[in-house]
Amino acid sequence: MQTLTRSVLAMAALATATFAGAQQAPLKVGLMLPYSGTYAALGHAIENGFKLYVQESGGKLGGREIQYFKVDDESEPAKATDNVNKLIKRDQVDVLVGSVHSGVALAMARAAKESNTLLIVPNAGADAVTGPLCAANIFRSSFSNWQPGYASGVVAAQKGHKRAMTISWNYAAGTESVKGFTEGFEKGGGKVMKELSLPFPNVEFQALLTEIAAQKPDVVFAFFAGGGAVKFVKDYDAAGLRKTVPLMGSGFLTDGTLEAQGSAAQGVMTALHYADNLETPRNNGFRKNYALAYKANADVYAVQGYDAAQMLGAGLSAVKGDFKQRDALVKAMATTTIDSPRGKFTLNAAHNPVQDFYLREVVGKNNESKGIAVKALADPARGCKL
Ligand code: BEZ
């Protein structure tokens, strides 16, 4: 009897030691982001934001240290499946964080679904990720392409514009933003006369700007981001259009770009789930810490990276770092309220943020909020069956 008690105690001690050991092993986070090409700055800002939150939390999430693995996805959908498999199969990461480009994120979502790897999308808006491809293990800390497009359309119609032209890159982010804009604008009584597009990441805008000048719409809605947005806004201004045809867009058009766009961006109005001058203790603290850590101003991409880490932290804290308790971890992530620099937000059933969209105007080197364009906007999650 005594021998039996002793061996039971020994087994219990071993189990405790093994569990504690497992808890102490760092959680492997795979960052799949663009570190080169037109979206390189966006990738770096997301990584910075993610790491800032981890640092603020003592270098751990839910008591687990974090080990990073990185892949430069080059915003190249054709390489995305191979790239994500480097993280899933070669590095055997626990969590995937990525990416910026919608086409890359679609491949990541498929691979995450197949392998049941936890995925947090910290930017790419591809509607399908939280639509037909939605899954228990897929989360987004950013937006769906439909959301800022729709909010921009609502505002453009409220401003009394009737005839709009759109211009974007011809891939999911562009086409879905334009679709969202059209829905919001036409609901408010406007009409989209013509959709212009060019392949990603082409920046030869001249012929399209000539067409806008000839058609003289009341307003132009644009989707571009990163290096392409810098060039577009400068070309629009140089073509003499900024003063004659108001330029609007999803806020990516002027986010993280103002230093390079300079005077060409002044007065451009956009809709987005973040603005630089949100005077809250949460945003002020975040911007101060980000500037101290990286000697750069925070932007929406940094916020989304920061919130991806917050989301993972909420899940890990609920299970005290025990990643094997996946159901409880996912449930905590899905039901948490994220205290974001953008303002508090929750997730819809498809795990996409339900959040306020601000109307912003470029003033100096800031995207200043001029008020809320659409409050608590939820993506319709069309095609998601969860
Ligand atoms: C996208 O591809 O989904 C995207 C890229 C940059 C900014 C916003 C969206």
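Tutor: L118 and I120 point one way from β5, while L119 and V121 point the other way, and all are buried. Buried means under 20% relative accessible area, exposed over 50% and partly exposed in between, with a 1.4 Å probe and protein chains only. The model is predicted: local features need pLDDT of at least 70, side-chain atom pairs count only at pLDDT 80 or more, and totals for chains, interfaces and linings use all residues. Residues are numbered from 1 along each chain as its sequence is written, and side-chain values use heavy atoms, with hydrogens and water left out.

Now the sheet around the strand. β5 covers residues 118-121. Helices (H or I, at least four residues) and strands (E, at least two) are DSSP runs numbered from the N terminus. Six strands form an open, mixed sheet in the order β2-β3-β1-β4-β5-β6. Its edge strands are β2 (60-61) and β6 (138-140), each pairing on one side only. Two strands pair if DSSP finds at least two bridges between them. β4 (residues 95-97) runs parallel to β5, and three bridges join them. V95 has L118 as its bridge partner in β5. β5 and β6 also pair in the parallel sense, over three bridges. There V121 stands opposite R140 of β6.

Next, the loop between β5 and β6. It holds C134, whose partner C384 is in the segment after β15 (366-377). A disulfide joins the two, S to S 2.2 Å. The criterion is a pair of cysteine sulfur atoms within 2.5 Å. The link spans distant parts of the chain, 250 residues apart. The torsion about the S-S bond is about 85°, so the disulfide of C134 and C384 is right-handed. A search of the whole structure finds one disulfide. C134 is buried, with a relative accessible area of 5%.

Past β6 comes S144, in the loop between β6 and α5 (146-158). S144 counts as buried because its relative accessibility is 0%. Its side chain makes a polar contact with the side chain of D379, at 2.5 Å. Such a contact is a pair of N or O atoms within 3.5 Å; within protein, one must be able to donate a hydrogen and the other to accept it, and residues adjacent in sequence count only if both atoms are side-chain atoms.

On a 1 Å grid over the protein atoms alone, a cavity is a set of points where a 1.4 Å probe fits but cannot get out; a pocket is an open set with protein on both sides within 12 Å along at least five of seven lines; lining residues have an atom within 4 Å of a point. Grid points are joined across faces, edges and corners, and a volume is the space filled by probe spheres set on the points. The structure holds one cavity of 30 Å³ or more. The largest cavity has a volume of about 90 Å³. Among its 15 lining residues, V100, N123, F143, A173 and F223 lie nearest the centre.

The second largest pocket has a volume of about 200 Å³. It is lined by 13 residues, of which D127, W146, E176, K179 and R382 lie nearest its centre. Helix α6 (residues 172-187) gives the largest share of that lining, four residues.
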